[in-house]
Amino acid sequence: VLVLAVCTGQAAVFTVNNQTPSPGQFSTIPDAIAAASNGDTIYIHGSAVAYSQNFTVTKSLTFIGPGLLPGSASGSTSNVSGQMLIGAGAGGSTFIGLYFSGSGISFLVSQNNITFDRCAFLSTMTVSGNNWTIIRCVFNVLKAFPQSNNGFITFSSSPQNTLIANSIIINSTTSGIANANHINTTFSQNLIIRVGTGFIDFQTF
């Protein structure tokens, strides 16, 4: 008699909270990434204290925060003030409801199928890989987060099929979306706000 055993794994959910004492499973994002496997989800709790560690995403994960503007009066964002790098193995990752106030989103290796949804950025986003989706995001949130940084998007390594939609880009320099080094980019239903004098350079799509 041949018995065939089939095991199916379920994705795990991890929580990060940097309060003291921490009610989450982890107090830092890098520790949660180290414990996670491809397909897992990491919930990053809103906090009055920024998540200041630099980290590299090397797995296909989903990161979820409380959103751009949490509904309650006492609601806090998940403020990622450290630098986040997209590394080998991160393809397919999704970032939802996070507030990136640090030195920006950059990459070590081009990765495909990255999604940012309902995130805020006060620094540069570099798209490097095919099939990136950037939707319902805000770059340089002037009203809620009055910073002098200049949110803009750049492209590297000739990425294809980037979608930038339903987002707000607030800018105070002559740089908006720079680098025409991209193929088949869709820029749709976005609100562009220029603060100050001059112009915004949105190079040809």
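Colleague: Why is Asn 184 called exposed?

Modeller: This is a predicted model, so the value is computed from its atoms. Asn 184 has 54% relative accessibility. Exposed means over 50%. Therefore Asn 184 counts as exposed.

Colleague: Where is Asn 184, and what is its phi?

Modeller: Asn 184 lies in the loop between strand E18 (175–178) and strand E19 (186–188). Its phi is positive, about 55 degrees, although Asn 184 is not a glycine. Most residues other than glycine have a negative phi.

Colleague: What makes Arg 136 partly exposed?

Modeller: Arg 136 has 41% relative accessibility. Buried needs under 20%, exposed needs over 50%, and partly exposed is in between. Arg 136 therefore counts as partly exposed. Its phi is also positive, near 55 degrees. Arg 136 sits in the loop between strand E13 (133–135) and strand E14 (138–139).

Colleague: What makes the bond between Thr 20 and Pro 21 a cis peptide bond?

Modeller: Look at omega, which is about -5 degrees for the bond joining Thr 20 and Pro 21. Most peptide bonds are trans. Pro 21 lies in the loop between strand E1 (13–16) and helix H1 (29–35).

Colleague: Which residues touch the most other members of the largest nonpolar core?

Modeller: Ile 42, Phe 63, Phe 95 and Phe 116 do, in a core of 35 residues. Several elements each supply at least two residues, among them E1, strand E2 (41–44) and strand E15 (153–155). Helix H1 gives the most, with three residues. In soluble globular proteins, nonpolar side chains tend to be buried together.

Colleague: Which residues is Phe 63 in contact with, leaving aside its neighbours within four places in sequence?

Modeller: Its contacts include Ile 29, Ile 33, Ile 42, Val 57, Phe 95 and Leu 98. Thr 94 is another of them.

Notes:
Residues are numbered from 1 along each chain as its sequence is written. This is a predicted model: local features need pLDDT of at least 70, side-chain atom pairs count only at pLDDT 80 or more; totals for chains, interfaces and linings use all residues. Side-chain values use heavy atoms; hydrogens and water are left out. Helices (H or I, at least four residues) and strands (E, at least two) are DSSP runs, numbered from the N terminus. Buried means under 20% relative accessible area, exposed over 50%, partly exposed in between (1.4 Å probe, protein chains only). A nonpolar core is a set of buried Ala, Val, Leu, Ile, Met, Phe, Trp, Tyr and Cys residues joined through side-chain atoms within 4.5 Å. Contact means heavy atoms within 4.5 Å.
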